[in-house]
Amino acid sequence: MKIVIVGGGFAGAFLARYLGQRTKNTNIDVVLLSKTNYLLFQPFMIEGIIGDIEIRHLVTPLRTMLDFPNIELRRTKVESVNLDAREVETYSGTVTYDKLVLAPGSETNFFGIPGASDFCHQLKTLNDVLDLRAMILERFELADLEKDLAKQRQILTFTIIGAGPTGVELATGVHDYVYETLARYYKNIHPDSVRIILIEATSHILAGFDKDLVQWAEEKIVSKKIDLKLNSTVEKIEQSTVYLKNGEKIESDIIIWTAGIRASRLLRSLGKPLDRMGRVEVNEWLKIPGHPDVFVLGDAARAIDAKTGKPLPPEAQVALQQAKYVAKLIKKEAENKPLKPFKFVRLGRLASLGSRNAVTQILFFRFRGFWAWFIWRTVYLFRFRGIRNKVRLIFDWTFAFFFDRDITLMR
Ligand SMILES: Cc1cc2nc3c(=O)[nH]c(=O)nc-3n(C[C@H](O)[C@H](O)[C@H](O)COP(=O)(O)OP(=O)(O)OC[C@H]3O[C@@H](n4cnc5c(N)ncnc54)[C@H](O)[C@@H]3O)c2cc1C
């Protein structure tokens with residue numbers, strides 16, 4: 001039986017690995033189609049930008065992770081899927097399948113706000129990490145040459161749109177990088193020239209976290225002199241200017257969009273109805289209704305949480321649990337055995353707030369401050385694939401603890 005997996009991210013790569021481990025001596029063959037030949041660990045992208053982790057260490061080569069006799073990796077982009085013909089169209093030819101697993105993830109959603117896609121940086125890929133890191137250092141080099149303080153301020157105003165975990169971690173991470181490292185070495189830059197603005201459309205940050213943790217996190221952010229603008233909706237964006245619906249105008253050379261995602265546009269080729277986030281509906285077995293051989297996992301799937309009746313959020317823990325479940329289901333189906341529907345078990349929510357602070361809620365427990373941060377790092381360390389990667393990560397963190405973060409502009 002030939003199983004084709006589209007996407008080598010959390011859902012796709014881990015599913016392929018589980019299938020490699022569990023189906024070694026069966027007739028199950030796996031073809032993984034992935035745009036990249038690596039798995040990117042997205043939860044640590046911000047640590048890569050600010051130099052707490054070497055950027056190279058954010059990725060794991062898929063070929064080493066999936067070194068099993070029944071797995072073939074093809075580095076290619078999938079163009080479309082024809083469910084009737086059971087074919088996947090790729091840049092390098094047509095691939096047929098017996099079972100198909102779609103896990104192409106998501107992309108940034110600018111919600112059609114004028115100018116947003118043209119003038120905002122985004123944070124989804126390894127290239128985004130490299131660009132943002134270089135851009136921060138380029139701005140500091142430029143500002144260091146600028147004698148006019150007003151101009152220096154515009155060059156060094158960071159505007160982050162969206163205060164979910166990614167926006168919050170980015171704002172606090174950039175704050176630490178600036179004040180703990182860069183401020184020391186850029187001697188012509190006045191400390192007041194740096195401004196970090198975090199814009200959120202709703203009345204609070206970190207949607208989904210408990211109220212008291214949210215309040216504590218907001219206080220921490222404000223204490224860092226990050227300009228937190230709640231209830232502020234972006235109306236339009238022009239080069240170096242953000243316009244809010246309340247009439248406010250923010251002059252800022254660096255605008256980063258972390259306000260939302262939508263599922264990969266590849267799903268449009270399925271000809272199935274998609275929800276407002278572009279996701280395709282799946283049933284309790286994570287299959288497209290009416291297509292018993294086609295699964296959709298991770299950010300691309302609109303899977304309903306049996307407990308809450310709401311769609312599962314786009315999170316790594318959802319993708320990983322779904323990957324494990326589908327590996328089991330495929331094996332059971334090959335043996336003609338039944339399996340109960342998929343059930344998501346929320347393990348927790350975690351968000352770093354910089355300066356060795358975080359908020360975490362794990363099962364019934366709530367933590368904030370240093371211990372929350374310690375748990376945050378430990379949990380993700382265990383999620384990281386492979387001993388070699390874990391050792392490199394620990395080394396990077398230890399290095400960043402004792403020495404200054406790197407400030408080399410590699411361009
Ligand atoms: C900055 C950031 C921080 C995050 N932090 C957390 C966190 O702390 N905790 C958490 O739970 N979640 C976090 N997430 C979310 C989490 O990373 C995603 O929910 C998870 O990666 C989804 O897994 P996935 O397999 O569906 O998609 P992805 O992991 O994004 O993988 C999709 C893969 O498909 C490939 N692909 C896409 N289109 C095609 C195509 N046409 N052809 C071939 N290949 C294709 C992509 O290159 C990618 O490799 C974060 C995300 C970001 C961006």
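Colleague: Why is Arg346 called partly exposed?

Modeller: Arg346 has a relative accessible area of 26%. Buried means under 20%, exposed means over 50%, and partly exposed is whatever falls in between (1.4 Å probe, protein chains only). Arg346 sits at 26%, so it lands in the partly exposed band. Glu315 gets the same label because its relative accessible area is 22%.

Colleague: Before I go on, what am I looking at?

Modeller: This is a predicted model, with local features needing pLDDT of at least 70 and side-chain atom pairs counting only at pLDDT 80 or more, while totals for chains, interfaces and linings use all residues. Residues are numbered from 1 along each chain as its sequence is written, and side-chain values use heavy atoms, with hydrogens and water left out.

Colleague: What makes Glu315 and Arg346 a salt bridge?

Modeller: Their closest N and O atoms are 3.2 Å apart. The rule asks for a side-chain nitrogen of Lys or Arg within 4 Å of a carboxyl oxygen of Asp or Glu, so this pair passes. Glu315 is in the loop between strand 21 (301-302) and helix 9, and Arg346 is in the loop between helix 9 and strand 22 (348-354), so the pair ties together parts 31 residues apart in sequence. Helices (H or I, at least four residues) and strands (E, at least two) are DSSP runs numbered from the N terminus. Elsewhere, salt bridges with shared partners join Glu47, Asp52, Glu180, Arg377 and Arg405 into one network.

Colleague: How do you know that Arg377 and Asp52 form a salt bridge?

Modeller: Same test: the closest N and O atoms are 3.7 Å apart, and that is within the 4 Å limit, so the pair counts. Arg377 belongs to helix 10 (residues 370-383), Asp52 to the loop between helix 2 and strand 4 (59-61), and they are 325 residues apart. Both Arg377 and Asp52 are buried.

Colleague: And Arg184 with Asp404: how exposed are they?

Modeller: Arg184 counts as exposed because its relative accessibility is 53%. Asp404, at 28%, counts as partly exposed. Their side chains meet in a salt bridge at 2.9 Å, N to O. Arg184 is in helix 7 (residues 165-185) and Asp404 in the segment after helix 11 (387-402), 220 residues apart. Side chains of opposite charge can pair when their charged atoms come close. A search of the whole structure finds 29 salt bridges.

Colleague: Why is Arg279 labelled buried?

Modeller: Its relative accessible area is 8%, so Arg279 falls under the 20% cut-off. It lies in the loop between strand 18 (261-263) and strand 19 (280-281). Beyond four places in sequence, Arg279 touches residues including Pro273, Asp299, Arg302 and Leu312; contact here means heavy atoms within 4.5 Å.

Colleague: What makes Leu381 buried?

Modeller: Leu381 has 14% relative accessibility, so it counts as buried. It is found in helix 10. Leaving aside neighbours within four places, Leu381 is in contact with Lys390, Leu393, Ile394 and Trp397.

Colleague: What makes a set of residues a nonpolar core?

Modeller: They must be buried Ala, Val, Leu, Ile, Met, Phe, Trp, Tyr or Cys residues joined through side-chain atoms within 4.5 Å. The largest such core has 125 residues, and Phe44, Leu100 and Phe140 touch the most other members. Helix 9 (residues 316-334) gives the largest share, ten residues. At least three residues come from each of domain 1 (2-108 + 261-346) and domain 2 (116-259); those bounds come from an automatic or database domain assignment.

Colleague: How many residues make the contact between domain 1 and domain 2?

Modeller: 18 residues of domain 1 are in contact with 17 of domain 2. The area buried between them is about 1500 Å², with carbon and sulfur atoms giving 73%. Buried area is the accessible area (1.4 Å probe) that two parts lose on being put together, summed over both. Ile46, Ile49 and Ile50 supply 42% of what domain 1 buries against domain 2, more than any other three residues.

Colleague: How many salt bridges are there between the two domains?

Modeller: Zero salt bridges run between domain 1 and domain 2.
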